[in-house]
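Thanks for coming. I will go through one model today, strands to begin with and then the packing of side chains.

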Amino acid sequence: MSSTMSFDHPIKAFLSIYQVQEEITNTKPATIYVQELSSTSLKFKSDLKFPLSEAVVYKVSVSVFDNKMELYGNILTSVNIIEKNIYVYQFDYILGENSTLPNLYDLSYKKNCLENYDQNRVKKIY
């Protein structure tokens, strides 16, 4: 089984700056769109330009198939720019007490069930 789950339609999530230079900040969350989710990182797109630094810890709040997660980590890589003012970033998780890493097996299973359900439903309609 793959350790990465990609989404045909990116999932809406919220990203905020949680900590800068070890000082808690909790900024207002910005809307981002998650394209891929793995056990170590996620890839997302946004129209905002974020600083790439180990000194900045971000918090991502996302709900995937009714599983609410709060993930903490760094943005160290700007993957590319797909359109004017649309940036793609890789967010690497930091493991800590407050982090909840995604269980990719459960999420992949739910994704497959939903896809099969949608395919069967479409077949029945037509």
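Let me begin at a turn: a two-residue hairpin connects S3 to S4. Strands here, like helices, are DSSP runs numbered from the N terminus (E, at least two residues, for strands; H or I, at least four, for helices). This is a predicted model, in which local features need pLDDT of at least 70 and side-chain atom pairs count only at pLDDT 80 or more, while totals for chains, interfaces and linings use all residues. Residues are numbered from 1 along each chain as its sequence is written, and side-chain values use heavy atoms, with hydrogens and water left out.

S3 covers residues 30-38 and S4 covers residues 41-46; the two run antiparallel and are joined by four bridges. Two strands count as paired if DSSP finds at least two bridges between them. Within this pair, Glu36 sits opposite Lys43 of S4. S4 is also joined to S7, residues 86-93, by six bridges, again antiparallel. There, Ser46 faces Tyr87 of S7.

Overall, the chain has seven strands and one helix, and the order from the N terminus is β-β-β-β-β-β-β-α.

Now the interior. Of the 126 residues, 34% are buried, meaning under 20% relative accessible area with a 1.4 Å probe, protein chains only. A nonpolar core is a set of buried Ala, Val, Leu, Ile, Met, Phe, Trp, Tyr and Cys residues joined through side-chain atoms within 4.5 Å. The largest one has 24 residues, and those touching the most other members are Leu42, Phe44, Phe50, Val60, Val62 and Phe91. At least two residues of this core come from each of S1 (4-20), S3, S4, S5 (56-64), S6 (67-83) and S7.

What does Val60 touch, leaving out residues up to four places away in sequence? Its partners include Ala13, Leu15, Ile32, Leu42, Met69 and Phe91, where a contact means heavy atoms within 4.5 Å.

Last, the rings. The whole structure holds seven aromatic pairs, that is, Phe, Tyr or Trp rings (six-membered ring for Trp) with centres within 6.5 Å. Tyr18 and Tyr72 have ring centres 4.9 Å apart and planes at 70 degrees, so they are edge-to-face, a label for planes over 60 degrees apart. Tyr18 is in S1 and Tyr72 in S6, so this pair ties together parts 54 residues apart in sequence. Both of these tyrosines are buried. Separately, ring pairs link Phe44, Phe50, Tyr58, Tyr87 and Tyr89 into a cluster.

Technical notes. Buried means under 20% relative accessible area, exposed over 50%, partly exposed in between (1.4 Å probe, protein chains only). Rings of Phe, Tyr and Trp (its six-membered ring) pair if their centres lie within 6.5 Å; planes under 30 degrees apart count as stacked, over 60 as edge-to-face and the rest as tilted.
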